[in-house]
Structures are given as C-alpha cells and as structure tokens.
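Me: I would like to go through the labels used for this model and check each against its cut-off. Please look at the entry below first.

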Amino acid sequence: MVKAPMTKDLMMQYTLAALFGIAFLSYFAFGLSSLVICLISVGVAVGCDMLFAKLSYRFPKNTMSAAVFGLIVALSYSLGLPTAMATESTPVLAGGLEQYLYPALISAVGLIVFKKIQGLAGRKYVNPAAIAKLLILGLLFLPMFSSMSALRPADHLASLDLQNPLTAGLFGDYYPMETTTLGTTLITCYGSPSLDPMNPYTFGSYDNPLPDVLFNMLVLKYHGWIGGFSSIVVILMGLALFAACRGYIKWRITLAYLVTTVIVSAVMGGIFGGDIVLRVLFHVFMGSSIFMAFFMATDPATTPLTRLGQIIFGAGLAILTVVIQTYTGFLGASILALPIMNLMCPLLDRVGLPKASTTRLKIKLPKAKKLGDQMTTDCVRCGRCLTTCCKNLPVIMIKEAADKGNWARVEKLGAAYCDNCGHCSFVCPARIDLKSIIVSARDKIKKQ
Ligand code: SF4
Ligand code: SF4
C-alpha cells in the first residue's frame, strides 16, 4: 500500500467536483441551455479521448481529464447575448442549433489538437481550452461582420453598446466612461430579462446604478459566459478546490491576477475618467474572467513552476487583459492573454529559482493519506517538489536537465547537494521516483 499526500487522479477528481458544482448551479441563470452545452462539450471531449485511445497506444485513455477539459470549454463559453435591452430568457435556444455546434467544435479541436497531439511534445505549452476557443473565435472574427457565418455566436463581441463606454481608441479617440452609461448598460446586458430595465422602480436608480451592477457582477448574471454566471459561486468553488489541493494549486497566479486587474483598471479610470469602481468591477467580474482566474490560469501544465514566475505570470495576464480590453474593445481578452502568457513560461521558469542550501533545512511535509497503489504518470508541473527539498533544490528542473543529458546544467542547479531524503518523491502527485533520478544524476556528475 503506497501512502501519498496527493495524486494526479485525486487533483482531477477535486477539480471535476468543483466544475460540476458551477455547471449545475448555472441552471438558475440560463435554464437547461447551459446544462445541455455542458453535456455536449463533455460528451465530445470524452468521445474523442476514447477514439484516440483506440487508434493508438500513444494516446492513453484519460476519461477524467477529458471530462474536466470538456467542462472547462463549456464554462468558458459565452451563450448569452449581452447587447443592451436583451430580452431572451434562453439565449442559446434563441440562437439556433449552431449555438450547440460552437462548443462541440472547440471541445473536439481542443482535445485532439491541443491536448492529445500537443501532449506528444512531452509537455503542453498553451492552455488547450483557451487556444481552441481563440482559434474557433478567430475563424469567426471575419464572418462576424456579415450574416454569412453558420457558426456565428450571438456573443459579447458584437456588442458595441458594451464596448463604447469602456474602450479607448487605438488612434487617439476614446470614449470617456460615464457612470450612468456603463452602469445602465451593464444592468440591461446582464440583468434578469423578466425585469423591465426602463422602469426605475423595478430596476433601481439610473443615477446610482452601483447596487444593481454589484448584484449582476457578483451574484447573478443572466447573459454571458456560463462560468461567469455567478462570481460568488465561482469564487467559493475555486477556494474549496484550492483548500482541497493546497500546496499543489498555483493560487499565487489567481491572487496576482486579481490584485493587478484592480490596479490597472483603476489606472485606466484615472487616465480616461468615469467611475473607477464600475470600471474595476467590470474588468474583474465581467464574463468568465473570474472563472479563468481560478480554473484556467492555474492549469499546472501550462504555468510557471517557481513562485516568483507565477506572480509575474498572473500580473502579466491581468495587464494584457485590461489593456487589450481597453484599447481594442475585444471584451473577452483574457482568452487571448492566457496563451500569450503560457508561451512565456519557459522564460518565467528561470526566474526565482531556489538556490541550493549547503545545510539541511527543516521542511514540514503534508500528512500522508492512504491512496492505494498509484501508477507513475507524466509530471503535472505542480511545482511541489521545488518547495519541499531539504536542500532547496529545483528538483524538477534537475530532472528535466538530466533527461536531456545536460549535465552542465544538472551541476549548475546544485544536484551535488542532494541529501537523499526522499521528500521530493513523497510529495510528487505524479508518483515519479524523483529521489532515485536526482541521486543518480548527483552520482553521475560527481564521477565526472
Ligand atoms: S532526495 Fe529530493 S528532496 Fe531530498 S535532497 Fe534530494 S532532491 Fe532534495
Ligand atoms: S515532478 Fe515535481 S512538478 Fe512534477 S508533478 Fe512531481 S512534484 Fe509536481
């Protein structure tokens, strides 16, 4: 019986449970539409996973991972129609059958091209759900301005009403954000379609839209991204996941993203005027931004390993997102910013590397759980082995250098200091025998 504090399978189970909770509760904003989209997206992802497992042994079946991926695709999908005064109660049905085809396509392309085939390279460089959505959206950008596209989603990108109060033109002209304009636009875009947005007694005061905007942005949005239907629900599910996987989830990215978004939005408010609080609320809680911050930006496979790298990653993601949203009017910019920051990871992995310690450090290890025999899997890049080495060694970097036969780097990273304690193997959720790998690398460079 192997005892271990965490495994990759357990992390997947916790993630699936959190995502399932969000998907289930989204029924209260979108009705059956969101549940149907989730089922389609998960079904396509799991089906493609099984098909590829049958086609080649190089694509092992991973149903749990495919289901998590399918749910992330669905929850980051916009099925609303947030143009001002939207009245559809079930926007996906109003949009027609192509609205189901869109997430199915993202799910299939993402799983096959960006999970399975990208995985053959030994690691993933970009978030599969984000890049697949971007690719499909990219194909839709041009036809979006004509009525020719069968796949055109009725989504936020077409809404000039929402863009104008927030954006600054790239060529000098900009639209100063007026409090009532943005406030009432947000309310009419995201508020309950059963309420009359023109009736101030029902809908609140036009002069002070903040309470209604707060309700929409935090508690319940009736249009837009499924995973952004309730920021409170997403935050609670995200925090529960962080608590269950503490030590293994890269929460610094989420924190850095949220703090930097607030700061950059406030700076934009200072530059362009208007109500700073409304602008901040918009950039932090708009769409599935909060979902991305908790569930996509923390994807272990496509994010930096070092703590400082993670903080820079989260801050960079926020800066790119707010700047793109402000200067281009592309209001789902986090989906573009995320793959850009993912591609920066090899550089960020070199920032803040721990320095080998000559003395043995006291490390508090997590409690072991009885988890049964676990198969060794590929590294999930959780970074846990970086923070539990009693000699403060960058264990996973040493392993990667040893795998490539780069002994000069193995030596530079301090493998000679390895104390054979085994902490790294104990905490590794992928159950990689890191201790043996580092010890043999240590012995190899000592013999040279
Ligand atoms: S066995 Fe692992 S944790 Fe222990 S000193 Fe060596 S590399 Fe560090
Ligand atoms: S090798 Fe290190 S980074 Fe990779 S899964 Fe194991 S503990 Fe996490």
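This is a predicted model: local features need pLDDT of at least 70, side-chain atom pairs count only at pLDDT 80 or more; totals for chains, interfaces and linings use all residues.

Me: Why is Lys-116 called buried?

Reply: Buried means under 20% relative accessible area, exposed over 50%, and partly exposed in between (1.4 Å probe, protein chains only). Lys-116 has a relative accessible area of 11%, so Lys-116 is buried. Asp-49 has 1%, so Asp-49 is buried too.

Me: What makes the pair Lys-116 and Asp-49 a salt bridge?

Reply: A salt bridge is a side-chain nitrogen of Lys or Arg within 4 Å of a carboxyl oxygen of Asp or Glu. For Lys-116 and Asp-49 the N to O distance is 2.6 Å. Lys-116 lies in helix α6 and Asp-49 in helix α3 (residues 32-55), so the pair ties together parts that are 67 residues apart in sequence. Helices here are DSSP runs (H or I, at least four residues), and strands likewise (E, at least two), numbered from the N terminus. By the salt-bridge rule the count comes to 5.

Me: Which label does each partner get in the salt bridge of Asp-403 with Lys-399, buried or exposed?

Reply: The closest N and O atoms of Asp-403 and Lys-399 are 2.8 Å apart. Asp-403, at 53% relative accessibility, counts as exposed, whereas Lys-399, at 15%, counts as buried. Being 4 residues apart in helix α19, Asp-403 and Lys-399 are separated by about one helical turn.

Me: Why is Leu-255 called partly exposed?

Reply: Leu-255 has 48% relative accessibility, so Leu-255 counts as partly exposed. Leu-255 is found in helix α13 (residues 251-272).

Me: Which residues are around ligand 2, and how do you know that they belong there?

Reply: A residue is near a molecule or strand if one of its heavy atoms lies within 4 Å of it. Ligand 2 is surrounded by residues including Cys-379, Arg-381, Cys-382, Cys-385 and Cys-428. Among these, Arg-381 forms a salt bridge with Asp-349, with the closest N and O atoms 2.9 Å apart. Both Arg-381 and Asp-349 are buried.

Conventions:
Residues are numbered from 1 along each chain as its sequence is written. Chains are lettered from A and ligands numbered from 1 in the order in which they are written. Side-chain values use heavy atoms; hydrogens and water are left out.
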